Amino acid sequence: MALTHWGFIYVADGCDPARDITVNDTGTCRTVLVGVSRPDQAPPVAARLAADGAQLIELCGAFGPTWTARVIEELDGRVPVGTVTYGPEATNALHALFA
C-alpha cells in the first residue's frame, strides 16, 4: 500500500484548528497541515485527520512526549504517529528562537 494521505499538526500562537488548515494535493498524495495554538487541541485534530483518511500523522517537535502519547492514545492504533525531533546541534538555535 502506498502513502496517499497524511497529516501534520503544528503549534503556533493564534492558530485555530477549525480555520488554520492547509491542503497540498499532488494528485497522488494529499498532505493536510493543521495548526493548533495549544497542544491539548491535537488529540481531537488527529482523530479528525484519521477519520478523514490520513494514513499517518506527524507532530511538530513542540508536542514533546506527553502530548505525543496522548495523540497516540486517542488514535488507539488506527494510524501511526511520528514526531519531529532535533539533534543536539540545533539546541542553541532553538533556544534563540524560543527564549
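A residue counts as buried under 20% relative accessible area, as exposed over 50%, and as partly exposed in between, with a 1.4 Å probe and protein chains only. By that scale Asp76 is exposed, at 65% relative accessibility. Asp76 lies in the loop between H2 and E5, and has a positive phi of about 50° without being a glycine.

The model is predicted: local features need pLDDT of at least 70, side-chain atom pairs count only at pLDDT 80 or more, and totals for chains, interfaces and linings use all residues. Numbering starts from 1 along each chain as its sequence is written, and side-chain values use heavy atoms, with hydrogens and water left out.

Helices (H or I, at least four residues) and strands (E, at least two) are DSSP runs numbered from the N terminus, and two strands pair if DSSP finds at least two bridges between them. Strand E1 (residues 5-11) has five of its seven residues buried, so E1 is largely enclosed by the rest of the structure. With strand E3 (residues 30-36), E1 pairs in the parallel sense over seven bridges. Within this pairing, Trp6 has Thr31 as its bridge partner, and Tyr10 stands opposite Gly35. E1 is also joined to E4 by four bridges, again with a parallel run. Here Gly7 stands opposite Ile57, while the partner of Phe8 is Glu58.

E3 has five buried residues out of seven, so this strand too is largely enclosed by the rest of the structure. Four residues separate the strands of the E2 and E3 hairpin, where Gly27 takes a positive phi near 95°.

Three bridges join E4 to strand E5 (residues 81-83) in a parallel arrangement, in which Ile57 is partnered by Val81. E4, helix H2 (residues 64-75) and E5 form a right-handed β-α-β unit. Right-handed means that, with the strands pointing away from the viewer, the path from the first strand over the helix to the second runs clockwise.

Next come the cysteines. A disulfide is a pair of cysteine sulfur atoms within 2.5 Å, and the structure holds zero of them. Cys15 is in no disulfide, the nearest cysteine sulfur being that of Cys60, 9.8 Å away. Cys15 is buried, at 12% relative accessibility, and Cys60 is buried as well, with a relative accessible area of 13%.

Cys60 is also among the residues that line the largest pocket, together with Val11, Asp13, Gly61, Ala62, Tyr86, Leu94, Leu97 and Phe98. On a 1 Å grid over the protein atoms alone, a pocket is an open set of points where a 1.4 Å probe fits, with protein on both sides within 12 Å along at least five of seven lines; lining residues have an atom within 4 Å of a point. The space in the largest pocket is about 180 Å³, a volume being the space filled by probe spheres set on the points. Helix H3 (residues 91-98) gives the largest share of the lining, three residues. By class, the lining has seven nonpolar residues, one polar and one charged.

Notes:
Ala, Val, Leu, Ile, Met, Phe, Trp, Tyr, Cys and Pro count as nonpolar, Asp, Glu, Lys and Arg as charged, and the others, Gly among them, as polar.
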